[in-house]
Amino acid sequence: MSILFTLFILQANSIYLGELSGVISPASSAYILRAITIAEEKDAECLIIKLDTPGGLDESMREITKRILNANVPVVIYVAPKGARAASAGVFILYASHIAAMAPGTNIGAAHPVGMGGEKVDSVMANKVTNDAVAYLQSLAKTRNRNIEWAEKAVRESASIDDETALKIGVCEIIAENEEELVKKIDGKEVRIQERTKRLDTKSVPIKKLSMTLRERLLLILTNPNIAYILLLLGIYGLFFELQNPGMIFPGVVGGICLILGFYALHLLPVNYAGVALIILSAVFFILEIYVTSHGILSVGGVISLVIGSLILFGSDQPFLRVSWEVIMVVVIIIVIFVGLLLFLGIKAQFRKPSAGKEGLVGETGIARTDIDDKGGTAFVHGEWWNAVSEKPIKRGAKIRVINSEGMILKVEEI
């Protein structure tokens, strides 16, 4: 899922053209609000926004519709290109526009409100939410003189219609193949701006581009649930490894940055903090598995906590506002492999031959500096002089191997 928002710079009597493709979120809200403000400041002829959305957050949608309703410049919502849709929150945005347009092969509808907060909604609360959405969309329909009856169906019955039906029943005013045709068709139309009527004059009006700011691009990335999820995990595990290995610095720095960005992203999305708690608990289980002999129980608990926490992290019925199954599976597999590798290295270290002290000399080779027998002798091993004994006599200068150690005396054999 991506949100591409491209606006066009205007001089006097120019047109802004924006493209909003993806989930309605704080990022898209910031883009559209900025576009309207700039269009007002430049006294633009109008602002056209190409729209293709599956829906999104109610709060962001209401910010956009409220700004459009109070705009001092005509706002044209254009559902395009062919195959695009204005679903859920997109219906409200289209209804709020001064002029509603659609491209051939597009559709609009399915505006029934869905759970966004992570908590269970009972039937009474669900009815309240639905009635509120119906009343809001009907008020937009009355303001813009659009079909009121279908607005209620779109919310209560999740009704959806194509472009031709929308034009026929008064949901939109124009069907246009492309932006050029749209500009021609809106020429001469009269729209109500606050308390005055404006007649659009769009003949030979230039359309110029305005790029997104760095802040808007960052906000766009952070409002992706998959990105927020990955940042949260990187932050949690980075800090855990830094606490387990003080002085590594890098995991702590990266983890701290990712955790702050992750929590900022969660602030922008409909997060369920029970999911966050389960993800943190899974990290605790995995870390404990490295130090506690649980025969795999902690690892199993960590996997279960991580999967459940990931699934309920974002409380929404819409797939575009949840972490995808593919991302969850990849993350779980990577973490399990990493923890398994740490466990393997830890177990392997317990059976590793000592590499320091006299115990570490077992298996080392050296030179007999004197004759060595069962009564004693001297050997040069590992850069050091040692007293040595051997069950079989060894001549001076012969190569020897250490097979054991007793106190400060090495037991050796001739190679």
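This is a predicted model: local features need pLDDT of at least 70, side-chain atom pairs count only at pLDDT 80 or more; totals for chains, interfaces and linings use all residues.
## A buried helix

A residue counts as buried when its relative accessible area is under 20%. Ala89, Gly90, Val91, Phe92, Ile93, Leu94, Tyr95 and Ala96 are buried in helix 3. That makes eight of the eight residues of the helix, so helix 3 is largely enclosed by the rest of the structure.

## Aromatic pairs around helix 3

The structure holds three aromatic pairs. One of them joins Phe92 and Tyr136: the ring centres are 6.0 Å apart and the planes meet at 20 degrees, so the pair is stacked. Because Phe92 belongs to helix 3 (residues 89-96) and Tyr136 to helix 4 (residues 123-144), this contact ties together parts that are 44 residues apart in sequence. Phe92 and Tyr136 are both buried. Tyr136 has a further neighbour: Arg62 lies over the face of its ring, at 4.2 Å from the ring centre.

Tyr95 takes part in another pair, with Trp150. Here the centres are 6.4 Å apart and the planes stand at 15 degrees, so this pair is stacked too. Tyr95 sits in helix 3 and Trp150 in helix 5 (residues 148-156), so the pair ties together parts that are 55 residues apart in sequence. Both Tyr95 and Trp150 are buried.

Five strands form an open sheet in the order 1-2-3-5-8, with parallel pairing. At its edges are strand 1 (15-21) and strand 8 (174-175), each of which pairs on one side only.

Strand 3 (residues 75-79) runs parallel to strand 5 (residues 99-102), and four bridges link the two.

What kind of residues line the second largest pocket? By class, 16 are nonpolar, two are polar and none is charged. The pocket holds about 490 Å³ of space. Of its 18 lining residues, Leu233, Leu234, Tyr237, Phe241 and Ile335 lie nearest the centre.

Three helices each supply at least two residues of this lining: helix 9 (225-244), helix 10 (250-268) and helix 13 (325-350). Helix 13 gives the largest share, with seven residues.

Terms used:
Residues are numbered from 1 along each chain as its sequence is written. Side-chain values use heavy atoms; hydrogens and water are left out. Rings of Phe, Tyr and Trp (its six-membered ring) pair if their centres lie within 6.5 Å; planes under 30 degrees apart count as stacked, over 60 as edge-to-face and the rest as tilted. Buried means under 20% relative accessible area, exposed over 50%, partly exposed in between (1.4 Å probe, protein chains only). A charge sits over a ring if NZ of Lys or CZ of Arg is within 6 Å of the ring centre and within 35 degrees of the ring normal. Two strands pair if DSSP finds at least two bridges between them. On a 1 Å grid over the protein atoms alone, a cavity is a set of points where a 1.4 Å probe fits but cannot get out, and a pocket is an open set with protein on both sides within 12 Å along at least five of seven lines; lining residues have an atom within 4 Å of a point. Grid points are joined across faces, edges and corners, and a volume is the space filled by probe spheres set on the points. Ala, Val, Leu, Ile, Met, Phe, Trp, Tyr, Cys and Pro count as nonpolar, Asp, Glu, Lys and Arg as charged, and the others, Gly among them, as polar.
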